[in-house]
Every structure is written in C-alpha cells, then in structure tokens.
Amino acid sequence: MIKRVTAIFLGLLMILGMSMTAFAADDDDEYVDPNSAQPEIILINGPVFEVTPGKTNTVKIKLRNGSAYGARAIVIQPTFTDIDNTPFTVGFQDNENRISALAPRSETEIELTVDVERTAATKNYPVTLNYSYFNAYNVKFSGNNTIYLKVNNLSGEPDFKFENVTVSPSDIKAGDTTTISGQIVNNNFITLHEVNLTLEGLSSDGISINNSLDSQHFSRIPAGSTQGFSFPLIAGNEIAGGTYSVTLKITCKDDAGRSYDKSQNFYINIIGDKKEEEKPSLEIRNMTEPSGTYVVNQNFQVSFDLANIGEGEAKNIKVSASGMEGGAVVPKSTSIKNIKMLAPNEVSHFDFTFAGTSSAETQNYPIEFTIEYENETDTPTTFKQYAGVNISNPKKDKEDEKEDDEKNKSKPKIIVSDYVCDPLIVMAGNEFDLTMTLMNSHRDKSVHNIKMFLTMAEETTSDTAKTGNIFTPVNSSNTFYFDDITAKGKVDKALRLYVVPDAQPKTYTLTVNFEYEDKEGNEYTSQELLGINVKQVTQLDIDDYTLPEQIEMGMPVNVSFSYYNTGKVTLNNLMIRIEGDVETETRNTYIGNLESGSSDYYESNFIPTTIGKVPVSIIVSYDDASGESVEERRDFMLNVIEPMPMEDIMGMEDMQGNTPNHKVLLISIVLGIIAIAAVIVVVTLVKRKKKKAEEAFLAEEDDFAPEDVDYYETMPNQSSQNREGRDRNEHF
C-alpha cells in the first residue's frame, strides 16, 4: 500500500510542478511602473499622400497602438514647418482628432480634410501630426509622426515626355545600321513652341548618324497631341561589342516664352565577333529609375541587375555611382561596390540611394554608373550607363533668378567630386580612412583662402535623441585650410576618422562645409553630403549554468539562467530552444526583441526519453541590427540510468539503521499535495484580478470627455485665436 501511495505522490508532484512552470511562464502580474507603461501611437500607411490643387481632398490616416499598453483620451494636432508658405489648410472630419481609446495592438482610421490652393507649387509638403494621450494609470505621454502632402500641379508648366521609343533592330554588328524612333507626347493643355529634338552621345568611331542630321525641329506641338520622330544610325567598323548609350534631348518654350528641356537615355547593343563572344561581357538590365519629383535631401533609389552575357568570367568588378552635375545629386549609400567574379549567365543586383543637395536647381539630373571589370587575361573593360531624376528646389531657383538680376554674376563652387571610405562599412568604436577629391567646378574663376570643416547632419528618425558628433578626426582638428584651387582644379584630402562606440547602425550623412573667396574677395559658402555606413557590435551575455551528469529515467531536469544584452543595439527575434531526445512543453520559447541594457530570466524543464548517453543542447538565437542570424549554443551529455525499483526505495533504512515510519511518510505526502494546490489557487486568483482590471480600462472608451486632457494646450506656431478655433474644430 505504501509503495503505491508513494508512486502516486511522485507522479502528482511531477504533474503539479510542470503546471506551476506553465503558470509562472504565463504570469505577467508583476508590478508595472506607471511612467514606463507608455503606449506607442504609430503611423502605418503613407507617409506620402497625393492631394489635388484647387480642391478639398480627403486623406485617410491609419494609426496603430504598437505597444502592450492601452491609450485613451488621444488628441491629434497637425503643425507645419513653414506655416507662412503652406498652400493649404487642414481640418478633421467629425471631431476625429479626438479618439476615446485605443487598445493594445489595435488600429484605427481618421480622415483629414485638406483644402489646397489652386496655385500651390509642385512639391512634397511636410505636416507633423502631434499626439497627446494617457495610459491606464493616467500618466500623460506625447509623440508625433510626419506625413507629406504631395502636390503635383501641372497647370502651370508643360508636361511632355518620350513614348514608344524603339531601336530596330535592337542588336547590330560593327558596320550595321539601325533606327531609333518614337513619339513626343504633350500631356498638358499648354502648347509647346520651337521644339528642338537633338540626338547626343554620338561619335565617328562608335554610334553615329547615318547620312542625316542629328537634330529635328518642330514649330509647335499642340496640347494633348503627339509628334513622331526617327533617326537612322550606323555602328563604326571598329566598334567593340557591348552596350552603347545615346541621349534624346528636347528643348522647347511655352506660350509665355519660358524655356524647358528634358533628356532621356536609350541603349544600342553591339554584337562582337566570335573571339569577343568568348570573353566576358557585362550589361545592365532592369534598371529602375525614380519616378516623380524629389525635393532637396529627399532620398530616392536607383536599382539594376548586372548580368554577364559573355562566355568568360568577369573578374575584379567595380561599380561606381556618381552625380554628373557638380554635386547637385550625391550618393547617400556607398558609392563604390565591388564583386570578385561574375560567371557567364550570372546576375548580381545593385541598389544605390541618392539625394539632391541644396546646390540643385529644379530640373532633371543625370546619374552616372561606371562598370569596370577584367577578363581572364586581366584586360580591363569599362562602360557607363545613366539614369535620370527630377529635382525640385524652389529656393535655389529664386537664388538663381536673383543672381541673374544682379548683372548675371556667376560664382565659383567647391564640390567633392569623389570620395572613398576604407573600409566601406565602418564598425562603431573603430577608426577608418576617408579620402576626398575637392574640385573647383567653375570653368574660369579660381578660389582662395579655403576653409573646410565637417559636421554630422543627423536625419530625423524614431531612434533616441542624438547628441554630439558621430565622427571625430584622429590626431587633428575638425577644420582644414587650403591656399587656393584653380578653375577646374582638384585637390585630394585624406582623413582618419573615429566612430563613437554608441553610434546606431545605419548610413550617416557627413556634411563637408566650405568657406572660401574669389579673386575679388567675395565670400562664399557651400556644402557637400557624404554617406558613411556604420555597423554596431552586438553582445549577448548568458550566466553560467550546468545540467546533472547523471539522472534517472523519467525524472525532470531543470535548466535556468539569466541573460543580458550588453551590446549597443536591440537584439531582434530572440529565441531559446532545447534540442535532444527529451520531452518538454517549452522546446521553443520565443522572447522577441531585447533592447540594449535589458536582461531577462529563462527557466524550463525537460524529461529524457532514452537510457544511456543522451546529448542535449540549449540554443539561444537572435538577429543583429544588420539582419544576420547569430546562435549561441551549449552542449551537454546526460547519463540517463534505469530508475531505482520501488521495492528498493521502500526497503531502504536510514543512517541509524531504522526503517522509515509509514504514517509519517503518508502525512508528509498529503501535506505536500495540499501546499502545491494552494499555490496554484493563489496564482489563478491573481490572474483573474488582472483580467478584470484590463476590461475596466477598455470600458473607459465611452467615458472620454474633453476635460480628461489638457485639450487647450498651446501648440507650436499657433496663436491664441487658433486655440479657440480648435474647440470649434475649425481648420488649422
């Protein structure tokens, strides 16, 4: 009888122990600091919304509470960076700038009404949505997101483009002829006058015009109509195989006599002879150029595939990206990328990020991609391909008009024509070499008394607040001096820079500032933007822990340890798993994201399923900031033995040779079961209490009133009259 009761007790003890582990894993009723329980209101659509000039537009904004804490009494207020030059007013439909409550992980939608002036300029206008709200503990928080209202006003300027452009035949050999033809489409209601179409990029030993003129003239192209064109071309007799670029350029005037131009590149494929076909031949395919118009410092991407269509391997491939118009467009990502080898029929994908600078004017700018590679005999080959982007900079346009009024004076400009970062991706806390080529882009004027210094212009992100410089010069000051740079002259400058250890992993914009004079003593300033890639160290520390070397079959094994994120960045998708011939309810435990400086505790149980040497592994895995997966594992070898027979257990004697008292054993068993059951009841009651508290918080959604929040709080850039207007839900 005693043997049976003892066996039942051991089984119940194991089941109740596993239940307590499940309850503990599911119990989140620990004390929560009210000031730390911050809901997070985030924008989940946009952020660019297109609006039509001269109309009242409706913009639907989707918001989400991305945290585990509920938010209530939410008030939304829009503000503008430049309120005096904002060509629209913004309001809300049906008091939708006030939201009663937003439960954890839930979403809602609000509608903005945007009245746009008919004369609004074509550009993206930033609007900041400011949020104020309370959590379940009546602690007030705030946040914001920036949206962009995109105005595309075609009524004030012509809209024309190339369509249905074909090269037929598309593949020709040296000495063969082909024809490039297409249409000029006038999409606007404005008539185009004095239209000149020119074919550029021709050469006598490459692609040239075949017994014809390289330009065509059209007196006018009416609104909404098309004009066809055609150019006969011929390939030179000595031209090598490859892809060659030609440029179609339109210049025209509108009804008021204002001039406009537009260019676009097209490509002709030259087939080489048999000897050339046995060599590598690279070409750019599937190039994706930016569409629309971009303002200064607004990032855009150009991507393409680089394919080896030849018969041999291409080695030491170097892909360089640069803007061609004196620093008006610069790379924000790494401007040079290298590949060791590209086999025949192999394809590699490239992405480059660019942005227009303050020196850009409102026009289309070309972007140049240079491809350099070698064949098996180390013979170098180079070719170029181009993309285009439309940049809008009204401020620069006004400055240019002012300069034209002031006797059409031109000024010299210093640009960074090339730069190399070694290594390409810099580890935070390390040093790196930066080599720049400075160029005076003016064709006539030299510059003198040149001062150069570096600053870090951090972009607005959701990261923590930025303080101080990310990059610091090593063994030198932050200011450098040059006597002079002649017209079209260049000067090389090499720097050694240090990256602060706590820099976030991303591409940083390093601003190069210039102050200089011309020969008359006139003072000028300019800026250039460089992109520097920074990577951060990840570190996860795990406490030492051990498993028993020998254990009986059927007995549970406990594994527990604390772990700490001692690195500088958040560890994503943290997971702990148990591998081996064992049974467990928590074989895979997903932790989620572990922020820098955070720690947590892990505990689990498992039971071996086989006898003998049983390997068991505890594996901790996570993704670092660059998306790479990292694993840390600890391997153990358990010696699992047969369980001791119950008869041997009951027949054991104590240290003094006495047989255990059966009544005492029975009383101990009953008391142990009662104690474990009591603990489970207490945990259940606590969890029910928390569930009722959460239901009470969500029930407050119907009780929200304006007096719950400081609704009349003064917002930036708004007058007292506007604050009174908000109560009437008038336009901001």
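## Basis

Residues are numbered from 1 along each chain as its sequence is written. In this predicted model, local features need pLDDT of at least 70 and side-chain atom pairs count only at pLDDT 80 or more, while totals for chains, interfaces and linings use all residues; side-chain values use heavy atoms, without hydrogens and water.

## Asn130

Asn130 lies in strand β8, residues 123–134 (a strand is a DSSP run of E, at least two residues, numbered from the N terminus). Asn130 counts as buried because its relative accessibility is 19% (buried means under 20% relative accessible area, with a 1.4 Å probe and protein chains only).

## A five-stranded sheet

Five strands form an open sheet with mixed pairing, in the order β20-β27-β26-β22-β24. At its edges stand β20 (293–295) and β24 (336–342), each with a single partner strand, so one side of each has no neighbour in the sheet.

Strands β26 (residues 363–374) and β27 (residues 380–392) pair in the antiparallel sense over twelve bridges (two strands pair if DSSP finds at least two bridges between them). Glu372 has Thr382 in β27 as its bridge partner.

## The largest cavity

The largest cavity is lined by Leu454, Thr455, Met456, Asn469, Phe471, Asn478 and Leu510 (on a 1 Å grid over the protein atoms alone, a cavity is a set of points where a 1.4 Å probe fits but cannot get out; lining residues have an atom within 4 Å of a point). Strand β31 (residues 447–456) gives the most to this lining, with three residues.

How values were computed:
Helices (H or I, at least four residues) and strands (E, at least two) are DSSP runs, numbered from the N terminus. Buried means under 20% relative accessible area, exposed over 50%, partly exposed in between (1.4 Å probe, protein chains only). On a 1 Å grid over the protein atoms alone, a cavity is a set of points where a 1.4 Å probe fits but cannot get out, and a pocket is an open set with protein on both sides within 12 Å along at least five of seven lines; lining residues have an atom within 4 Å of a point.
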